[in-house]
Amino acid sequence: MTIEPDVHDIVATIREGNEAEQGLKPRSELTARELLREVGAVLRMSEAEAAKLGDLPVDPSEDQTMIINMGPQHPSTHGVLRLMLELQGETVLRCKPIIGYLHTGMEKTGENLTYMQGGTNVTRMDYLSPLNNELVFSMATEQLLGITDEIPERAVWMRMLLSELNRMSSHLLFMATNGMDLGAVGMMIYGWREREQVLRFFQKVTGLRMNHNFIRPGGVAADLPAGWRDDVLHLLEMIPPRLEEYDILMTGQPIWRDRLQGVGVITQEEAMALGATGPILRSTGIAWDLRRDQPYLHYDQMEFDVIVGSYGDAFDRYAIRLNEIRESIRIVHQILDAMPSGDYRIQNKKVTPPPRARIDESMEALIHHFKIFTEGFKVPEGEVYVAIESPRGEIGCYIASDGSATPYRMHVRAPSFVNIQCLPHMMRGGLVADAVAVISSVDPVLGEVDR
Amino acid sequence: MSDAATPEVVAPEAPATLYGVLLSHSRGQRVLHPTREQYVATVRALLADTFVMCADLTAVDYLTFPGRTLPDGIVAERFELVVNLLSIERRERIRVRVQVPEADPSIATLFDMYPGTEAMEREVYDMFGITFTDHPDLTRILMPEDWEGHPLRKDYDQGRIPVQFSTDFAAKDVAK
């Protein structure tokens, strides 16, 4: 086994900080902004060194290897992912992810729910970023209806607010699970604690912690509650210092770096060929973020940075997610400044049910309300594919409509489903203990893998 | 995607083509309609033309909706393979829709060009029973190995519990 000495050599190099100008300055000498840019971007092993770690041991004869199953009940597999691993000693030679344990036929179910009910279905796919799922489904429906440009401004900004907060809550949970998987058990509690604060805000706005069905075709379900701005500001004040704590707890910590740097390396070519998106693609240095590159909602008016890595390893993916929380905070600040007043859903009788008060005074309103909620609204024939940037990558929704009130076919391009195909490439030649780090760094949500 | 509200297919005088394949627009998005024979060559041309990522590959079973709108010259078949390709360099998307007949539900794999389609093609096989020739590992991916039938086909029963106020009166016949 040639792997261990290498790691120590590299780590020793890192500790001595002899990478010339890129050396880590002491925290006390940095401004907050410098730190934000620097964290995760400096003092790394070279690409050649990182690649060496991924080399396979020379041809193993078959009786020396062993195939074991990891999962589907293993706690570090984030749900019910099962991996078949071929091991030689502690080294992973081959890996095959086996999925389907959580398959509940959600795409089939989606064909039997009206467009108004569809949100309840898609929101349960990626249960860590439900609002993004609802958003992409609603946007696809709106494109089919041809009402994309008529969505009220307040609804658009509310969607962005919720989407960004959801990105924060999802990445905070990643911090927790990533810490837990690598043995930083304290981190699990901290990440969960912060995420819960965000979910508490969601509960106030939507009524539920998860599975909101709040973003609907035509707008959002309700206006923001009184005092929402203070709640958001509280979150924005509370989270940045906590992220600094994470830096102390993990980013700069030698054990943390040992466990993540050079682990699960994937190259640009591999990532693109495998269709990987989100933090995995960005960790290889490709600045691809749909919020910037194919802007939807009002992201073209936002000022934010697309965080990229340079080595495509697990540490990059960790650092990208950590810094994306900071970028989301920046975006939310801008959203707070821009939030207009006005309608929160489209005033199109076809899509929007009449308000409750109207039902008491108008028979037509009552009938109309009943019709929309029982039969749903009809969507013109056609097909459309809409993609947005979820915390895990490109989430797409393909809807084919036959002109009725339910989608003829509703397909969700789940980022995790595609991303877990990277696992065999990332794990090849690594250690079993690193396999846990690799799964964690891909951050799959099995709900959307299996749908 | 910003010109999303553009309604329906734009109908030019001479049918628009790209790489000799019919091109149409659906809600402002570009769609190519190659035949099964043209499919691989078309995708290969797109790959050479900076469409380096296959974002999505799925299928639709048009069993109960045969009368859908397609450009002239395309014969509607029961299945349709839908491939979404992405050009990172030009920040563009393009969609490829291929008709796959019920009598011979098979089509070439894209695995050689886009290894990431491995799982997606397995999903389409699992859910629709469309086979992909030369796919390295064409097995069920979401359903158990011994499952019979392909769940997303329209003639596959969903076995749901009928709900109140359903407008689908045929489905209310619970007695059977």
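Two strands are said to pair if DSSP finds at least two bridges between them, and the helices (H or I, at least four residues) and strands (E, at least two) named in this report are DSSP runs, numbered from the N terminus. The structure is a predicted model, in which local features need pLDDT of at least 70 and side-chain atom pairs count only at pLDDT 80 or more, while totals for chains, interfaces and linings use all residues. Residues are numbered from 1 along each chain as its sequence is written, with chains lettered from A and ligands numbered from 1 in the order in which they are written.

## The two chains

Two terms are needed for the overview. A residue is buried if 20 or more other C-beta atoms lie within 10 Å of its own, exposed if 12 or fewer, and partly exposed in between, with C-beta atoms placed from the backbone. Two residues are in contact if their C-beta atoms, placed in that way, lie within 7 Å.

| Chain | Residues | Helices and strands | Buried residues |
|---|---|---|---|
| B | 176 residues | two helices, eight strands | 36% |

Among the contacts of chain A between residues at least 6 apart in sequence, 70% join residues at least 24 apart; in chain B, residues 24 or more positions apart account for 52% of the contacts with a separation of 6 or more. Along its sequence, chain B follows the pattern β-β-β-α-β-β-β-β-α-β.

## A sheet of chain A and its surroundings

In chain A, three strands form an open sheet in the order E6-E7-E8, with antiparallel pairing. Strand E6 (382–390) and strand E8 (409–413) of chain A stand at the edges with a single partner strand each, so one side of each has no neighbour in the sheet. The twist from one strand to the next averages 10°. E6(A) and strand E7 (residues 393–401) of chain A run antiparallel and are joined by nine bridges, and within this pair Gly382(A) stands opposite Ser401(A) of E7(A). Helix H6 (residues 130–145) of chain A packs on the sheet, where it touches E6 and E7 of chain A, and its direction makes about 150° with that of E6(A); such angles run from 0 to 180 degrees between N-to-C directions, and axes are lines fitted to C-alpha atoms, for helices over the stretch in contact.

## Where the chains meet

The contact between the chains takes 42 residues from chain A and 36 residues from chain B. Among the elements that give two or more residues to the side of chain A that touches chain B are H6, E6, E7 and E8 of chain A, and E6(A) gives the most, with five residues. The residues on this side of chain A divide into 16 nonpolar, 14 polar and twelve charged, where Ala, Val, Leu, Ile, Met, Phe, Trp, Tyr, Cys and Pro count as nonpolar, Asp, Glu, Lys and Arg as charged, and the others, Gly among them, as polar.

## Helices of chain A

Helix H8 (residues 185–206) and helix H9 (residues 228–251) of chain A pack at an angle of about 170°, with their axes 11 Å apart. H8(A) and H9(A) are therefore roughly antiparallel to each other, since angles under 35 degrees count as roughly parallel, over 145 as roughly antiparallel, 65 to 115 as roughly perpendicular and the rest as oblique. By class, their contact has eleven nonpolar, one polar and four charged residues.

Met175(A) lies in helix H7 (residues 153–181) of chain A and is buried, with 26 other C-beta atoms within 10 Å. Leaving aside neighbours within four places in sequence, Met175(A) is in contact with Met187(A), Gly191(A), Tyr246(A) and Leu322(A).

Nine of the eleven residues of helix H19 (residues 432–442) of chain A are buried, so H19(A) is largely enclosed by the rest of the structure. Just after H19(A), Asp443(A) takes a positive phi of about 55°.

## Strands of chain B

Strand E5 (residues 79–87) of chain B is mostly covered, with eight of its nine residues buried. Eight bridges join E5(B) to strand E4 (residues 53–61) of chain B, the two running antiparallel, and Thr58(B) has Val82(B) in E5(B) as its bridge partner. E5(B) also runs antiparallel to strand E6 (residues 92–100) of chain B, to which nine bridges join it. E5(B) and E6(B) form a hairpin with four residues between them, and Arg91(B) in the turn has a positive phi of about 55°.
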